[in-house]
Amino acid sequence: MAERLWGAEAGGAVYRSRDPVRNLRLRVRIQRVTAAGPLPAQASPPPPPLSTPRGPELLALAARASPDARRPPDEEEEAEVGWQEKLFSQFEVDLYQNESACQTHLDRQYHKEILKLEKAGGRKNYRIFTYTDHDRFTNLEEHCQKVTDSDHEVPSYLAERMANVRRRRQDRKPIEANSLKSKIITWEPSEEFIKNNHGINTPVQTMYIMGDLGPYGKLGQREYERVLCTIKVDGSGVITVKPDFTGTKGAYWIELDRQKRELWKYTIENASIQVQQEEEEREQRVFRDLYSRHKEYLSGLVGSEFEMTLPGALRLFVNGEVVSAQGYEYDNLYVHFFLELPDHWSSPAFQQLSGVTQTCATKTEDWDKVAYFCYPFTLEMFFSQENESEDCLPQWPVLYFEVLSLDFWQRYRVEGYGSLVLPASPGLHILTIPTWRPVELGTVAELRRFFIGGSPELEDMTYVRIPATFKGERLSRFGFHTETTGSVTFRLYCLQQSKAFLETSASRHRMQSVLDRLGGFSQQSSVYNVLEAFQKARCRMQEARESLPQDLISSSFYTVHQTQEP
């Protein structure tokens, strides 16, 4: 029964190794399957089929030959190759023996190595040789690589661009520490610049194991060179082998398109030295020691004691950012903000509850003026409530802010006021808050704002909402004229810490009820206001109806009822 063979175009495999790539070694064995001359008479095959036999069929024909037929010494060869180890071919030996043919430093180095080999008795390999990452063949092979197996393939635009990308380590020249680039950022890249820089430039080293399949006595001709195996290694320890190691699936075969239809088979094996058990255990101990030291280093950065809140308290930590302001009339904007803490809330003594951004010029985007601040701020506060009765509705902190503009003549104007209730749920929140500003009626006020600067301002910025100092029943803003202006975008990262999150007792449920009430404070306050307004309106309608005579109410109802009939 004939041996099963695989085509040389079989798929490759990808491996990952933490060991140095210099320890990689491969054993390649190549053998001519079909005889160089015609088959013996007793092994004459039956009449050929209509189609030309392929590799497996040629293998079956060769198996019918006499087992005593002896092969010439050059029809079988085995070599063990290391990573980036150079094995010269007959063509290279003939080329580099002549010193006048050496043009580059690499050529002259190969010339010296070949002379040393000749003095040592010559090379041991004849058919198996290699091309390393520095050879010209590697450059040409990567540049002329095909995407399909068609002989009439026309490379696409992307294939041509990717062929020009040098993906090897030696092409990346080291940059000196004292050398500075004149242009780090290209603000207006051209189309040609984008086309030339959109490819991924991953450093990859390549090595080719080749086979010279020429006839006996005619070695060194380029048309008989075939790629047996391609190995690529990147900086992350990823090793790509194509075709894969032979293993148990059988050898690979190569069929030469010549008159004799010669068939070659070869195997690829991993000949790397296996790590001894003692060395592996020693390596594992080194890794464990390294990981334990790294863990101790991280623990030293965090601290031995993790800071916890008091029982029944909630800690709120906010990493915020004033992202941008858009839609305002004037340029050179800045934002002034402060945080108001309601009852039962407190903050550390070092915590700043207010801040002012830098003055930022605007740019036009989609017919709108936008000023990007990217101003970070940090807020830390604690909530503790001793009275947990349901009648006491807790409140959530509010961030008040105002947007102002400052021109070249130091004239400043109020562009808008706004407020933001800190989110009650942890996580990332991106909020865009609209603003308004007070206005005066008449043209004189607008002329004063344009030429002199200044505008009506709020004495108390908490007037944007219901002020905390307000103790009355109704807050009327009747007669107060405002104008809608732009909006401000905030990015908030909220963290909550409480011992109640770790407890399973009734205290956790009590704390959860407080958190739920805190989270729904803004919604509940709005609902309460609406319900209170409806209740008062209903009472006034009831009082007005009771004050009217009964006959007038009956006649009015009768009239409306009659008019609604057809």
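I will go through the salt bridges, then a helix, and then a patch of charge.

Let me say at the outset that this is a predicted model, and that it holds 18 salt bridges. One of them joins arginine 32 to glutamate 262, with the closest N and O atoms 2.6 Å apart; this pair links distant parts of the chain, since arginine 32 sits in strand β3 and glutamate 262 in the loop between β9 and β10, 230 residues apart. Are these two partners buried or exposed? Arginine 32 is buried, with a relative accessible area of 1%, and glutamate 262, at 3%, counts as buried as well.

Glutamate 85 and arginine 25 form another salt bridge, here with the closest N and O atoms 3.7 Å apart, and this pair links the loop between β4 and α2 to strand β3 across 60 residues. Glutamate 85 is partly exposed at 27%, as is arginine 25 at 26%.

Turning to helix α7, residues 277–302, we find that its 26 residues reach 37 Å from the first C-alpha to the last, close to the 38 Å expected, and that the count of buried residues among them is 0. Within α7, aspartate 289 and arginine 293 are 4 residues apart and therefore separated by about one helical turn, and their side chains meet in a salt bridge at 3.5 Å, N to O. Just after α7, glycine 303 takes a positive phi of about 115 degrees.

Finally, Arg108, Lys112, Lys116 and Lys119 gather in a patch of positive charge on the surface, where lysine 116, which lies in helix α3, counts as exposed at 61% relative accessibility.

Note on methods: Residues numbered from 1 in each chain as written. Predicted model: local features only at pLDDT ≥ 70, side-chain atom pairs only at ≥ 80, totals over all residues. Heavy atoms only, no water. Patch = residues over 30% accessible without salt bridge, like charges linked within 9 Å, V, L, I, M, F, W, Y side chains within 5 Å. Areas by Shrake-Rupley, 256 points an atom, 1.4 Å probe, with all protein chains shown as cover. Salt bridge = Lys/Arg side-chain N within 4 Å of Asp/Glu carboxyl O. Lys, Arg positive; Asp, Glu negative; His and termini not counted. Charge placed at Lys NZ, Arg CZ, Asp CG, Glu CD. Helix = DSSP H or I, 4+ residues; strand = E, 2+ residues; numbered from the N terminus. Buried < 20%, exposed > 50% of the residue type's maximum accessible area, 1.4 Å probe, protein only. Expected span 1.5 Å × (residues − 1).
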